[in-house]
Amino acid sequence: MDQHSPNPPLRRELGLLEVTLSGVGIILGAGVYVLIGQAAGLTGNAIWLAFVFSALIALLTGLSYAELSSMFPKAGAEYNYVANAFNSRIAFVIGWLVFLSGVLAAATVALGFAGYFFALTSVPMLISAIVLLIVLTALLAYGVKETARFAVISTLIEVAGLVIIILIGLPHLGSVNYWEMPQGFSGLFAASALIFFAYQGFESMVKFSEETKKPETTVPKALILAIAISVVLYVLVALSVVSVLAWQDLAVSNAPFTDIVSGTLGPDAAVVIAIIALFATANTALMSMYASSRILYGMAGSSSITAGLAWVHPSQRTPWIAIIICGALSVMLIFAGDIAFIANVTNFTLFITFIVINAAVIALRYHSPHTPRAFRIPYSIGRLPLIPVAGIIFCISLLAVQDPAVLAIGVVLTGLGVVVMVVTGHYASKSP
């Protein structure tokens, strides 16, 4: 936020526990509750390998986020990182892609929520998805502490759901060949690209920086902890589901966890897991909208777009205008349809963003080596950090296996960001 801005600052309410659990809540959710069946159809019993491969990319890039967040603890996050590493033109496009990834994810996950809600109540999916997004927008506007409380409660509930699946699968572990890949490595890479959506959200944790106590050290610690916790849960869940239900059946299931619980514990228990899935998907949608609203707020505060978008409510101390815009766009995007396709479009925006984020760490090591870093990525050759290089390579490899239609839409969305930059008159090339 510009130091001359009349807006009050965001309220610092969050500690390591809140940020870590909120991060786990962002990561866990729609990806594993909704997409695990489709991923199983691509990679068979080896779906756990897809989770491991995607986790490696998430961790590599997560370390880059940790270093950058310790240098520039701002709500604008990616925009600030890239503007300081390169220039504000590139930063604007990356900020645009991060903003889009959040609203796309929120819309997609709202449809996942609506599917579970329809199974329980028969309420039309479109209505429940719209109502969910309106309620979440109101919660975000009300306050960050209340948002974090809901996130923590939902995280504990959704973790309990995953633990139930793991416990169901424990007696069956070893019953199948966990290396079976019906489509070989091409299926594994395609599944990994899809499953990466299950890790989407770790990058959103840096948006808590201006509302976190001691963000330079708290956010990097929370980010690494959240990824580690999520990886362990995901791999155990992946091993469990293929041990209980054949991957062929998983591939055609709209609610794989419900089918697993119903077949082992009965229909009443299946209702419980469906309710848990509602919390998981609602939480993911909430945190996706939170991230998008904060990147929009941060960009407006840095004068890359109209400063009116950075308006903070004087009593609630939340960026109301940015939140309302994110909520409205998410409602509009629920008409997009296929969750797997939109998930991959979201992944496209993330892969491009992560390539630039990793490159930003490398650039800053060279031209700003003495800038304080509360967290520093290990392993370098001279000034060249090796982990961000590996992150770039892996992101490019997953981009290469995307469907041509996904790539085409991703390019169009990126180009749209350039158009918006020109229309809004964002020509500055200096760092903020």
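Let me begin with the aromatic cluster, which is formed by Tyr 65, Phe 72, Tyr 81, Phe 196, Phe 202, Phe 351 and Phe 354. Rings of Phe, Tyr and Trp, the last through its six-membered ring, are paired here if their centres lie within 6.5 Å, and a pair is called stacked with planes under 30 degrees apart, edge-to-face over 60, and tilted for the rest. Please keep in mind that this is a predicted model, in which local features need pLDDT of at least 70 and side-chain atom pairs count only at pLDDT 80 or more, while totals for chains, interfaces and linings use all residues. Residues are numbered from 1 along each chain as its sequence is written, and side-chain values use heavy atoms, with hydrogens and water left out.

The structure holds 14 aromatic pairs. One of them joins Trp 48 and Trp 179, whose ring centres are 5.2 Å apart and whose planes stand at 80 degrees, so this pair is edge-to-face. Trp 48 belongs to helix H4 (residues 47-71), whereas Trp 179 sits in the loop between helix H8 (144-169) and helix H9 (184-195), 131 residues apart; helices here are DSSP runs of H or I with at least four residues, strands are runs of E with at least two, and both are numbered from the N terminus. Are these two tryptophans buried or exposed? Trp 48 counts as buried at 16% relative accessibility, but Trp 179 is exposed at 55%, where buried means under 20% relative accessible area, exposed over 50%, and partly exposed in between, with a 1.4 Å probe and protein chains only.

Tyr 65 is in helix H4 and Phe 202 in the loop between H9 and helix H10 (215-244), 137 residues apart. Tyr 65 is buried at 0% relative accessibility, and Phe 202 is buried at 1%.

Phe 202 also leads us to the largest nonpolar core, which has 151 residues, and Phe 202 is among the members that touch the most others, as is Val 241. Such a core is a set of buried Ala, Val, Leu, Ile, Met, Phe, Trp, Tyr and Cys residues joined through side-chain atoms within 4.5 Å. Leaving aside neighbours within four places in sequence, Val 241 is in contact (heavy atoms within 4.5 Å) with Ile 36, Ile 165, Leu 250, Phe 257 and Ile 260.

Finally, a word on the backbone: Ser 122, although not a glycine, has a positive phi of about 70 degrees, and this serine is exposed, at 53%.
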